[in-house]
Amino acid sequence: MHAINPVHRKATWWLAALVGCTLALALATPAVVHAEESNPNNYSCLGGIAPGTPEVGSEEQQVAYVFYCNGPITGYQLQAQIPLTGVQSPPLVTAGASVLGAPTGKPTTDTFSCSGEVPGYAVNCVGLAKQGYETISGQFAIGTKICAEPRVDPLLTVTYAYLEKGVVTQAISGPFDLGRPSGCPPSAFSGGTRLNPKPVAVVKKSKKTGKKGAAKKPAKKTTGKTTSKK
């Protein structure tokens, strides 16, 4: 919904592991077909986040995410700028594009498995969405209230491993900014994202004024001359 700021070092290592996992998946899956209509190194992905559904036995703040891309993917990573305290797995994959709210399409047989270091800064998922415009929705947990600043604003990176002329090819697209949580009251940072932050307005202090609000006039200078009365 939004498409990188430097990400936590651990997230970079997780992304490298994610690439390896998707490569292994491509080797194990005999008929992953390359999408001719979309360049998997230049996908367009759209998504967002919102308050999630409370989980039984957990008091942590759940954050729901949803996104779709215009081509098939075999893995993705969500990179947060605040610590994540939990990862839900597996996410739901449904047919048809949908952003926020309940997915409108029917569930597919496609699936992903997600994991990540807790607490950490990334959610790493491997699996398969065989077609473009399939909606992927899931949850992760954070240790603060969802509307508390700084609000979580995850970046999305997607991967796709496929066979082309008998050779395994790996592609990566992103990052895409999923934006700040929807449904929160406005704050000084509203209207911006991690990739396109909004400058915070600085209020300048006004000059000192007199009792009536007018600026004080400088005192008149006096001279040493005197005048005599006529």
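1. Pairing order. Number the bonded cysteines of the protein chain in sequence order, and the pairing reads 1-2, 3-4, 5-6. A search of the whole structure finds three disulfides (cysteine sulfur atoms within 2.5 Å). A disulfide is a covalent bond between the sulfur atoms of two cysteines.

2. Basis. This is a predicted model, where local features need pLDDT of at least 70, side-chain atom pairs count only at pLDDT 80 or more, and totals for chains, interfaces and linings use all residues. Residues are numbered from 1 along each chain as its sequence is written, and side-chain values use heavy atoms, with hydrogens and water left out.

3. Cys 45 and Cys 69. Their S to S distance is 2.0 Å. The link is right-handed, with 105° about the S-S bond. Cys 45 lies in strand β1 and Cys 69 in strand β2, so the pair ties together parts 24 residues apart in sequence. (Strands are DSSP runs of E, at least two residues, numbered from the N terminus.) Cys 45 is buried, at 8% relative accessible area. Cys 69 is buried too, at 3%. (Buried means under 20%, exposed over 50%, partly exposed in between, with a 1.4 Å probe and protein chains only.)

4. Cys 114 and Cys 125. Their sulfur atoms sit 2.0 Å apart. The S-S torsion is about 115°, so this disulfide is right-handed.

5. Cys 147 and Cys 184. The S to S distance is 2.1 Å. The torsion is about -85°, so the disulfide is left-handed. Cys 147 is in the loop between β7 and β8, and Cys 184 in the segment after β9, 37 residues apart. Cys 147 is partly exposed, at 28%; Cys 184 is buried, at 15%.

Methods:
Helix = DSSP H or I, 4+ residues; strand = E, 2+ residues; numbered from the N terminus.
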